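The entries follow the order in which I looked things up.

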Amino acid sequence: MLLPLSELQRAAQEALQFLMAQKDVREAEIFVSCNGILHCRLNYTSHLPCNGVEEPKSVANYGIGIRVVLQAPEGEGVLVGFGSEPNDISLDGVQLALEKARRGAVADPEFVSLPRPTGEMRRLHAYHDPRIMELKDQELVDLGWQIIRQGLKAFQSAELLLDRDPQELALILGGDVTVLQERMAIVSSAMPHVQTDESTLILSFVTAMVEGEASKGSGYGAVTHWERFHGEAGREAAEMAVRTVGGVRVPAGRYRVVLGRQAFMDLLENLILPGLSLGTWYAAASPFLGQLGKEIASPKLNIIDDGAAEGLAGSKGITCEGLPTGRTELIRNGVLVGLLCDWYESQRITKDPRAKEKLGVDPQQWRHALVPRNGFRFARGGGRHYDMQPGIHATNVIVPGEEDHSQLLRLVGDGLYIGRIWYTYPVNGLRAGDFTATIVGDSFVIRDGRLAEPIRPNTLRINDNIHNVLRGIIGVGREARPTLVWAADEIVYAPEIAVEALEVQPITQFMGS
Amino acid sequence: MANQLELSFLDQVREDVAHLAMSYPSRKAHCRYVDVRIAIAQGKGAVAENGMDKFSTEDYSFSFGVRAIAGEKLTATGYFGQLLGAADAGELLKRLEEALEHAYDRALWSARHKSAAREEFPRLASTLYDLSLAPIEIRQDTIPAQYQIDPREVPLKEVAQYTRHVSRQVQALSREVIYNYIGAETHLERLLFVSSEGANIDQTWAITQGTCFVVVQGPDAFQELYDFSGHQRGWEVITQGVDEAFIRYPSLLDFSLALAKDAIELAHSPPCPATDQEVVVVTDPHYNALVCHEVVGHPSELDRALKMETAYAGRSWFLKDLRDNQVGRQVASPLVSAFSDPTIEGFGHYLYDDEGTPARRAYHIRNGIYEEFLSSRQTAAILGTTSNGHYKATEAYLVPLIRMSNTAFAPGDRDPEEIIREVERGYYVVGHRIPSVAESRENFRITAMKVYEIRGGRLGQLYRDGGLIADTRDFFMNVDAVGNDLRLFAIPNCGKGQPMQTKRMSNGGPTMRSRARLSGRT
C-alpha cells in the first residue's frame, strides 16, 4: 500500500524547516516518494511445459532524499551533497540523510545552484487513476492472464491451427504487463511551496511466435487508466505472428524502407535521444555535436518531447526537480532546435569553456533551447526514486507526420517494411553514429507500393549510420501510437517513417530456410 | 533515531527468518514451498569528471524478496520484493509475513487461472503444467568475504581523492583528452537465503569496481573508449590492482591512463577497412571475453532456451525444443571448449545460487560438442536434470534469473605469439567494445578497441573503429588455434530481465584464431 500524498507532503515541509535551520546549509531540496512497480511476466509455449503467467511480482519502496549546498568548513566556496534514507520520512530519516549528504559532499566547480523557478507554469494536475493506485494482488494476476487469453484466442481462431498440431507449430506468447504507481512531493529553499505529483501507468509488451514456421509478431500498449486496459497486446502479437508465417530471405543491398513504429523507436531510444541529451554534449559524445541550430535531418522530420501532454502515457505534472514539465521542440523541419536538459546540465553548460565549440552556438543566446524540463529520478524499471539524483530522461516523444500507411508504402514502391529490430547499438561509439541491428519480426517485402511476403526473422543485419537515416527520411506517418522498447523510460508516440536507403546484409545462412 | 544498519544485523534474525520459512507452508492449505532472500550491503563510491569532484557517497542498502509456490490442482509461483531501511529492522519478521501473504495469494490465484485456461483452451493449453523444482542437496552454510582492505574501513575522503587524482592524471595526458569520467566503488554485500525445505545459507562478498570513460579529439578523428576493472576483493583492487592466476588488473590509475593512451593513439589512426569476405582473425582474451559472453554464455541460459525470454533477451539457437537441440552435437571446432564456473575466483564467484543450489562448473562446449545449459531448479526439472546453480538476482528484492557466473572459453596449449606469427595475412583484434547479436545469438557484430593488420606474421598498421561480423557456428567451427593465456575480465553491466537487472560477472578466454568479416565505419 502506498503512503498517502498528504504524508509525503508533510514530511517534505518538515524536512525543509529542519534543514534550513542548520547553520551550514545554504540551499536544500527535499524529494519524498513512494512507488509500486508491479509486473506479470508472461510465458506460454505450445511445445514446452510453461506457466502462462510466469511471475506475478512487485517491488515497493518509499523514502526521502535530500540535496544540500553546504558552506565549506575551510574558507570560501560550497560543497554539494546528496543523501537519502529508505522507509523513514520522519525527522529521524531526514537527519540520517543529512549526515550522509554532509559526509559525501564535494566541491564541484561546475555547480551553480539547486533548481530555481524557470518562469514556466505547471500545466498538468490530477491526471492519474486512483483505481490503479489500489491494485490488488489478484487484479495484478488477472492483467497477465487477460493478455494470455487474448493471445490464445487469436491463435485458436487462426486458420493455420485448423489442421496443424499446436505442438508442431510451436506457438510462443511471452512478454509482460507492468503497472507503475508513483507518488512524490518536492520542496526546496528556492521553491518553498511543497509540490506533489501522482502518476499511474499500465504498460504491456508481448511477442508471439509460430516458431515452427519461424514467424514473429509484436504487440504493445500503454494506458494511464484501468478501464483502458483490455489486453490487446496479446491478440495483436499472436495475429502478427500468424500473418508473418512463410517468411523469405532477402538478398544484401541498399533498400528503400519503411521503418515500423518499434524499429523507429529503437533508433530513437539507442541513438537519437541519447544524442539529444545535453549531458552527452558536455561529454563531447553526441553524434550531433556542434550542430545546434543546424539542419541534421530531412525537413520532413519533427521531434518533440512533451511531458505535459494531457492523456499521454509518459506525462508528469512536474519533473523530479520540481520544475514544470512541458513541450520541448528538439528537431523542427530537420533543424536541431532544442536539447533534453535537467537543471544541473543546463547550468553547467554555461560554465563550460568549450560550450560554444560543443554546441555550435553561444549557450547564453540559446537558453530557450536548453530549458530543464527533463530532470527525473527514474530507475529500477519504473518509479520516481528518492535515492537517485536527477538525470535527463525523455517523457512523451512525439513525431508528427502527414502520410498514412499506404502512402508511405507507395513512397517506397519496392523495398522493405522493417517492423521490429533488435540489439540496436552505436557500435563505434555514440558520436560516430554507426549502428547495427538485426531484423527480428513484423517485417515484409514491399512490392509495387504494397506489403508482399513476410521477411523471415533473424536473417538480415542492418549496418548503417544514423545520419544517413535522418537525412534520408522521405515520409513520416501520421498514425502514431505509444511504443515501448525494453528498459526505456520514455514513451514514444512513434509513427512509421519511410527512408531513402538502408544497408542490409544476410546473416545466419547456417540456420537454413 | 535509528543507526545505519550493519551487516551483522542478519546474525540477529537468521534463525527466526529460517523458522518462518520452514513453518509457513504448513499454515496454508495450498502452499507447497516458500523461500526468502534478505540482503544488506554497505559501501562507498565516488565519481570525478575532467579532474573535478562530482559525487561521493557512503550508504547501506537493505531489501528482501520472497517466492511462494502454491495451487490446488496445478501450482504456480508468486513473488514479492521490498526495499527496507534501518527503521524496519525491528519489524522485519512482520514485513516478511506480509510479503509471504502477497506472494502466496498471487501464486494461488495464478494457479487457478492456469487450471481454468487448460479447460478453456484444451488444444492449446495442455502444456500449462504442474510446476516443480528439481531436487537439491539442502545445505546450511556460512561463506565469508575475501579482502585485504575492508570496504567499510576506507575513508570516503580517500575514495573521492583517489578518483579525482586519476581523473586529473588522465586529463593531463594530452589536450586531446576532452572528457573523462572516472568512477570507483567498493562494498560488502551479505545475502541470507532460507527456504521451507530447510536451506539456510549466509554468503558475504566484497565487491570493488573501477570505471573509466574517455573521449579524445585528434586532428582528424575522435575516439571514445570505456572499460572496467573489478574483482571480489576490497579497496586494494583500486589502489594496488589484482595479480592472480587468470585475473590481472593494474591500479585504477594505470588502468585509466592505459585506456586513455589507447584512445589517443586510435584518434591518430585510420578507420578499419571493412571486408566483404572472411579473413583470418586472431582475437585477444579481452575481445574473446565479450564473444564468449554474447554467443556462448547468453544462449546457454536455459530460461532463454526454453523461450521464457522471447520478448526481450531472446532465444537460443542451441535449443529448438526438447527433441531438436544441439546437446551432444558438434557446434565448434574440437579445439573449442567453454564453461561457466561460479566456484573459481572472479567477478561472478559464489558457492550457492539464489535458491540455495550448490554451484558447480558447467561445460557448455567441450571439445566442440555442446554439453550443458545454465539452469535453475525449475528449468532443470523441465529438462529432467539437476540445477548447476546459476539462478541469481542482482538485488534481493528482484526475482532471480538464469545468469552467467565466470563464463569463459577454456585455454588451449598454444603460445599466443606463435598464433600471430603463423598468420601470413590477417588481423589481430584487441579489446572488446560494443556488441550487437542476433536474437538467438546465431550471428554477431562486435566492435574492438584496436585492430592491427598482420603481415608476414608481424603486427602492422593500427586501425580504429573496427570489429568482426560472423555467424556464430561458422566462427566457432573455423577456430584453428587456441592460446594458453586464459584471462578473466570483470563485466559489471550484463542486462537481462524485466525490470532490467544489471549483473556483475566474469567473462574471458585465451587468444584464439578463426575467420570472420571485418567491420569498419559506415
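I began with the domain assignment of chain B, whose bounds come from an automatic or database domain assignment: domain 1 (9–43 + 61–142), domain 2 (156–195 + 202–267) and domain 3 (279–519). I note that this is a predicted model, in which local features need pLDDT of at least 70, side-chain atom pairs count only at pLDDT 80 or more, and totals for chains, interfaces and linings use all residues. Residues are numbered from 1 along each chain as its sequence is written, chains are lettered from A in the order in which they are written, and side-chain values use heavy atoms, without hydrogens and water.

I then looked up domains 2 and 3 of chain B, whose C-alpha centres are 23 Å apart. Their contact (heavy atoms within 4.5 Å) takes 31 residues from domain 2 and 30 residues from domain 3.

For buried area (accessible area, 1.4 Å probe, lost by two parts on being put together, summed over both), I noted about 2,600 Å² between these two domains, 53% of it on carbon and sulfur atoms. On the domain 2 side, Gln232(B), Phe246(B) and Leu266(B) lose the most area to domain 3, together 21% of what that side buries.

I next looked up salt bridges (a side-chain nitrogen of Lys or Arg within 4 Å of a carboxyl oxygen of Asp or Glu). The rule finds 3 across this interface of domains 2 and 3 of chain B. I also recorded the salt bridge of Lys450(B) with Asp262(B), with the closest N and O atoms 3.1 Å apart.
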